[in-house]
Amino acid sequence: MRTSGMRDYLDGPHKAARDVVRAELVAHAGPAGLAEHLSRDEYRDKVLELLLVAAADGLPARGYPKEYGGADDLGGFIAGFETLAFGDLSLMVKAGVQFGLFAGAILHLGTERHHERYLADAVSGRLLGCFAMTETGHGSNVQALGTTATYDPETDEFVVHTPTPAARKDYIGNAARHGRMAAVFAQLVVGAESHGVHCLLVPIRDDDGAALPGVTLTDCGPKLGLNGVDNGRIVFDQVRVPRDALLDRYAQVDANGNYQSSIENPDRRFFTMLGTLVQGRVSVGGAAINASKVALTIAIRYAARRRQFGAPGSAEEALLLDYRMHQRRLLPLLARTYALHFAQAELVDEFVRVFNAGRTTADARGRSGDDGGRAGGDGGGTGRDGGRTGGDGGEHDRRALEAQAAGTKALGTWHATETIQVCREACGGAGYLAENRLATLKADTDVFTTFEGDNTVLLQLVAKGLLTDYRRSFGELDPLGTARFVAAQAVEIAVEKAALRPLIERLRDAVPNRSDTSDPDAGLRDDAYHSGLLRYREEHMLSGVARRLKAGIDAGDDAFDVFNRCQDHVIAAGRAHVDRVVLEAFQSAVRDAPEEVQPWLHDLYDLHALTTIEAERAWYLEHGRLSPGRSKAITALVNELCAIVRPVAVDLVDAFGVPGSAVDVPMAVPSQHE
C-alpha cells in the first residue's frame, strides 16, 4: 500500500497544521524523554522554553481571531494541538492550559475589553496563566465550588476568598512556577445573594515571580507523570480585584451592585458558560488517540523485526508479529485507533461548524453598548463565544456537541490507557525501559481519563442526553440532579415516544437471532449487520434504563436511590451509544476514502466492527441476537482479518506520521547480529 496516500487521508483538511507541528517537534523538541535527563525544575523550564518557541512560531494563534494575531482556524488549531501529543506530553498539556484553557476562558467568557487587554499576550505567551477551576473538595462537581467572589460596592471591587480547606484550588497547571494570572471560577455573591459560578481574572504573581499579597501558592509535588507541568495549589485570602476582572459575557455587575444576565435560569447559565469550554475536552480526546498511535508505532515496528522461538528444527526464529496471539493483542487496537481517529475527525468538524455558526450569528446581531458585547434578544450568544446559534436549534446543536465530545473523550482516553499497557507488555522487558518511551507514555497519559471530566461522569452525561432533549432543562450532573431531571421529564419521553418501539422492532427484524443457524458466516462483513447489532444494543439498553427509572419513581422510591440503583445501567447505555457512533464514523470514512487506500481501510473497519461485537458477545447471546455458531464464526473471522492486516501493519502505523524523534527508540534500532 502507499503510506503517503493513507497519511494524507488521515491528516485530512488540516494536514498543513499537522505538518507544521511535526516539523516543530523535530526542529525544537529533540528526542522524547526529557524527564529522564533533567531535574524537575529544569524539566519544567525546558517545557516552558518549548512552549514559548511554539508561541513565537504562531502555532497557538491559529485558532484565535485575526484581530488578535490569529488565523480564525479552529480546526487547524485543534489538529495542531493533537499532533503535539506525538512529542513530550508535558509540552502538550502545558500548551493546553495556556492556549486552550486560560486564553480560551478570556476569549469565550470575556468581552471585547478583556480581549483587547489580555488576549494577544495570552496567545503569545507573554502573559502566562492558569485555569483555576478544580478544588480539593469538589472535583468534577464544579457547580458546588466553594471559592467566593463577593462584590464590594464601596470600592467597586470583587473580593476573592477561599473560605475552607476544601475550597482550595488544586492540581492547577502553571500555578506552581510560571503562572502570573489565573482564570478563577468562584461563586459570585452580589448584595448578599449568590448567583452561582462565574469566572474572574485574578493576578497571582508579580513580574519577579513572587506571590502577590493574599495569594498562597504551593507545589503539588511529584506526580505519576507529566512532571514537566508545574501543577500547584492556590489559596486566596480576601484578594481584591476590580469589577472589570469579571469575565462578563453571560452576566454583568454594574457599579451600583446590580446583577443582570440574559440567561435567567442559573442552571442554564452555568451549563452555557461551561459549554463554551468544550474545546478542552475535544482536544484531550484527540491527544489521547495520538498517544495511542505513538505506542502502536513503537510496538508494531518492534514486533515486525524482533524474533522469538520458532518451529522445531528451524534455523530461524519467528517474528513476533507472525504469532497469532501477538496479532490478536495489537492489531484490533490498531483498528480501533483508526476508528477513533475518524470519530475524532467528525467531532472536530462538528465543533468547528457549531462554534463558527454561533460566532456568525452573534456577529450578525451586533454588539450592544455597555455590556461589552452581549448580543441582543434572549439568545444568550455573544461575540466570538460560539453562543447559541439562534433559537432552540442552535442550543440543541451545542448540547449534542457537548455529549459527542464527552463520549469521544471517554473512549479515546480509556483506549490510550489500554493500548499503551498492551504495547508495553508486547515489547517485554524492553518495553519496560524508560529509554523506549512506553513507560513515560503510560505515566503521562494515565491522568487523561480523569481530567477534562472523569470518564464515568462523562458517559453519564452522554446517557442523560439520550434520555431526553436538552432544550427544556440543563439539569445537574450529580446523581440526585439527574434523578430529578429524569423523573420530571425524561422517562415519559424515552419510554412512551411512539418512534422507540417501532425502531426496536425493525432492529429485531434486521438482526439475525440465535435461531439463525443456516449459515453462521453469512453477512459477517456487512456494514448494515454491524450497525444493526450496535444500534439494537444501544436502544435496548436505553429503553431498559428508562423503564427501571420509571418503575422506581412510580413506586414512590427516593429519587437518588432510584438513580443510584440504575447508575451502572446508565453508564453502559452511554458506552453502547458511543461505540455505535465510532463504528458509523469509521463506515463513513471508508466510503469516502480514495480508491487506493479503501481496501486496507475496509479490512481495518471489519476488524474493528467484529472485535467490538465479539467483546460484547455474552450480552448478544443473552438477548438472543447471536447464535453460538455465529459467535464462533465472528471469532474465526477476527483471526482471519488479523492475518490479512498483518502484512501491512507497519505501513498502517507509518501512515500516522509520527516524527522519527518520537519513535526511534533504542529497541527499534536493529542490532548488529540481525
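This is a guided tour of a predicted model, giving at each stop what to select and what is found there.

Residues are numbered from 1 along each chain as its sequence is written. Because the model is predicted, local features need pLDDT of at least 70 and side-chain atom pairs count only at pLDDT 80 or more, while totals for chains, interfaces and linings use all residues; side-chain values use heavy atoms, with hydrogens and water left out.

**The whole chain**

Begin with the complete chain in a cartoon view. It holds 22 helices and 13 strands; helices (H or I, at least four residues) and strands (E, at least two) are DSSP runs, numbered from the N terminus. Of the 674 residues, 57% are buried, where buried means under 20% relative accessible area, exposed over 50%, and partly exposed in between (1.4 Å probe, protein chains only). The chain exposes about 26,000 Å², and carbon and sulfur atoms supply 51% of that area; accessible areas come from the Shrake-Rupley method with a 1.4 Å probe, and for residues only the protein chains shown count as cover. Contact here means heavy atoms within 4.5 Å. Among contacts between residues at least 6 apart in sequence, 75% join residues at least 24 apart.

**The nonpolar cores**

Next, select Leu334 and Tyr338. In the largest nonpolar core, which has 168 residues, these two touch the most other members. Helix α9 (residues 324–365) gives the most to this core, with 16 residues. A nonpolar core is a set of buried Ala, Val, Leu, Ile, Met, Phe, Trp, Tyr and Cys residues joined through side-chain atoms within 4.5 Å. Display the surroundings of Leu334: not counting residues up to four places away in sequence, Leu334 touches Leu296, Ile300, Leu604, Ala649, Leu652, Val653 and Phe656. Apart from this core lies another, of 26 residues, among them Tyr151, Ala175, Val184 and Val215.

**Helix α12**

Move to residues 438–445, which form helix α12. Six of its eight residues are buried, so the helix is largely enclosed by the rest of the structure. The buried residues are Leu438, Thr440, Leu441, Ala443, Asp444 and Thr445.

**A buried arginine**

Select Arg44, which lies in helix α3 (residues 40–56). Arg44 counts as buried, at 1% relative accessibility. Its side chain makes a polar contact with the side chain of Asp219, at 2.7 Å. A polar contact is a pair of N or O atoms within 3.5 Å; within protein, one must be able to donate a hydrogen and the other to accept it, and residues adjacent in sequence count only if both atoms are side-chain atoms. Leaving aside neighbours within four places in sequence, the residues in contact with Arg44 include Ala176, Arg177, His178, Asn227 and Asp230.

**Salt bridges**

The structure holds 41 salt bridges, each a side-chain nitrogen of Lys or Arg within 4 Å of a carboxyl oxygen of Asp or Glu. Select Arg240 to see two of its partners. The side chains of Asp152 and Arg240 meet in a salt bridge (3.0 Å, N to O). This pair links distant parts of the chain, 88 residues apart: Asp152 is in strand β2 (residues 148–152) and Arg240 in strand β9 (residues 239–242). Asp152 is buried, with a relative accessible area of 17%, whereas Arg240 is partly exposed at 42%. Arg240 also meets Glu157 in a salt bridge (3.1 Å, N to O). Glu157 belongs to strand β3 (residues 157–161), 83 residues from Arg240, and is partly exposed at 21% relative accessibility.

Then turn to Asp8, Asp11, Lys15, Asp19 and Arg22, which are linked in a network of salt bridges. Lys15 is partly exposed at 27% relative accessibility, as is Asp8 at 39%.

Most residues other than glycine have a negative phi, and most peptide bonds are trans. Select Leu226, in the loop between β7 (215–219) and β8 (232–236); although not a glycine, Leu226 has a positive phi of about 55 degrees. Leu226 is buried, with a relative accessible area of 6%. Continue to Gln238, in the loop between β8 and β9, which likewise has a positive phi of about 55 degrees. Gln238 is partly exposed, with a relative accessible area of 46%.

**The cysteines**

Finally, select Cys130 and Cys566. Cys130 is buried at 0% relative accessibility, and Cys566 is buried at 3%. With a disulfide defined as a pair of cysteine sulfur atoms within 2.5 Å, the count of disulfides is zero.
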